[in-house]
Amino acid sequence: MPAPYIGRFAPSPTGPLHAGSLVAALASWLDARAHGGRWLVRIEDIDPPRCSPGADQQILRQLADCGLLPDETPVWQSARHALYRAALDRLSDRGLAYGCACTRKDIEQALLAAGIQRTRHHAAVYPGTCRAGLNGRAARAWRVRSDLALGQGGGVVNWRDRALGPQSQDVPQEVGDFVLLRADGLWAYQLAVVVDDAEQGVSDVVRGADLCDNTARQILLQQALGLPTPRYLHTPLVLDARGEKLSKQHGAPAIDTSSPERALAALRQAAAVLDLPAIDGAPTEPPGRALASWTRAWQAIQSR
Ligand SMILES: [Zn+2]
């Protein structure tokens, strides 16, 4: 019997919802409804310096204004450190994670010494200096053994996106031994997401295409931890006038949900990005009827 459908929307509370994050929220909500499943909200606040005070409550209020109500009480990642610690311990016990003492400068020097040119738009692939041990140096961060995490299978992760089709990434080659616990003591996004998705029984991840590139790393961690891999669907991004992804950093304005008609207007925009049909009818009504009709449209699109 297939696992029950559980979806989630997992915003970082760096600011209120904007037009781009609403697309991901709406898509994940519609997908859960279309599958007769449950929809969870998880506040990804593991990086306190990036979080904006009160943004979590604002996001939950905006979602509620749009009629997107979670089926369970939301969880906050900041309250879940023990789960991430247990996962790191498990990896380390299996020889799949190790302490790394390198500073950024150490890594640059090691790459230089090995004659590895760093391409301008890609982060440096960690050269694996500390795989063999710390030689008395203190661990600053913890990294995954990307070459061993998949067992005999090497490091290539093949997966299928429900919208984008087959995907593949050679994690050791293209990403390297990525960080699980950062030198500043904060948990890396990849580890927290994988632990939470499994712990919450998430069967389907529906999120913005900007996160697509993380999927292979997350699947690698799932396999290293013996956790199931959810299905993935990445939704189109909303671009600004300069062709850049809408983001808090680039000053994307918050969606206005101060009245039912404004919330519906924001939802209509998000629905258009998802290629859902325009809903006619009075612009003053609450979002419920529009959501029901988009759910039917989503169901039809997904069963094609
Ligand atoms: Zn190191």
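Strands β9 and β10 pair in the parallel sense over 5 bridges. Strands here are DSSP runs of E with at least two residues, helices are runs of H or I with at least four, and both are numbered from the N terminus. Two strands pair if DSSP finds at least two bridges between them. The model is predicted: local features need pLDDT of at least 70, side-chain atom pairs count only at pLDDT 80 or more, and totals for chains, interfaces and linings use all residues. Residues are numbered from 1 along each chain as its sequence is written.

**Around β9**

- In β10, Tyr232 is the bridge partner of Val205.
- Strand β1 (residues 6–9) also pairs with β9, in the parallel sense, over 2 bridges.
- There, Gly7 has Asp204 of β9 as its bridge partner.

**Two domains**

- The protein chain splits into domain 1 (6–80 + 200–302) and domain 2 (81–189).
- These bounds come from an automatic or database domain assignment.
- The domain centres, taken over C-alpha atoms, are 29 Å apart.
- Contact links 17 residues of domain 1 with 25 residues of domain 2.
- Two residues are in contact if their C-beta atoms, placed from the backbone, lie within 7 Å.
- On the side of domain 1 that touches domain 2, α7 (215–225) and β10 (231–235) each supply at least two residues.
- Helix α7 gives the most to that side, with 9 residues.
- The residues on that side of domain 1 comprise 10 nonpolar, 3 polar and 4 charged.
- Ala, Val, Leu, Ile, Met, Phe, Trp, Tyr, Cys and Pro count as nonpolar, Asp, Glu, Lys and Arg as charged, and the others, Gly among them, as polar.

- Strand β4 (residues 97–100) runs antiparallel to β5, and 4 bridges join them.
- Cys100 stands opposite Ala141 of β5.
- Strand β8 (residues 179–181) pairs with β5 in the antiparallel sense over 2 bridges.
- Here Trp142 stands opposite Leu181 of β8.

**Helix α3**

- Helix α3 (residues 81–93) has 13 residues and reaches 18 Å from its first C-alpha to its last, close to the 18 Å expected at 1.5 Å a residue.
- The expected span is 1.5 Å times one less than the number of residues.
- Tyr84, Ala87, Leu88 and Leu91 of α3 are buried.
- Seen down the axis of α3, the buried residues fall within an arc of 95°, so they line one face of the helix.
- That arc is taken over the directions from the helix axis to the C-beta atoms.
- The buried residues of α3 pack against β4, β5, β8, α6 (189–199) and α7.
- Ala82, Ala86, Asp89 and Asp93 are exposed on the other side of α3.
- Gly95 follows α3 and has a positive phi, near 75°.

**Loop positions**

- Pro277 lies in the loop between α8 (260–273) and α9 (288–302).
- Pro277 is exposed, with 12 other C-beta atoms within 10 Å.
- Gly251 lies in the loop between β10 and α8.
- Gly251 is exposed, with 10 other C-beta atoms within 10 Å.

Conventions:
Buried ≥ 20, exposed ≤ 12 C-beta atoms within 10 Å, placed from the backbone.
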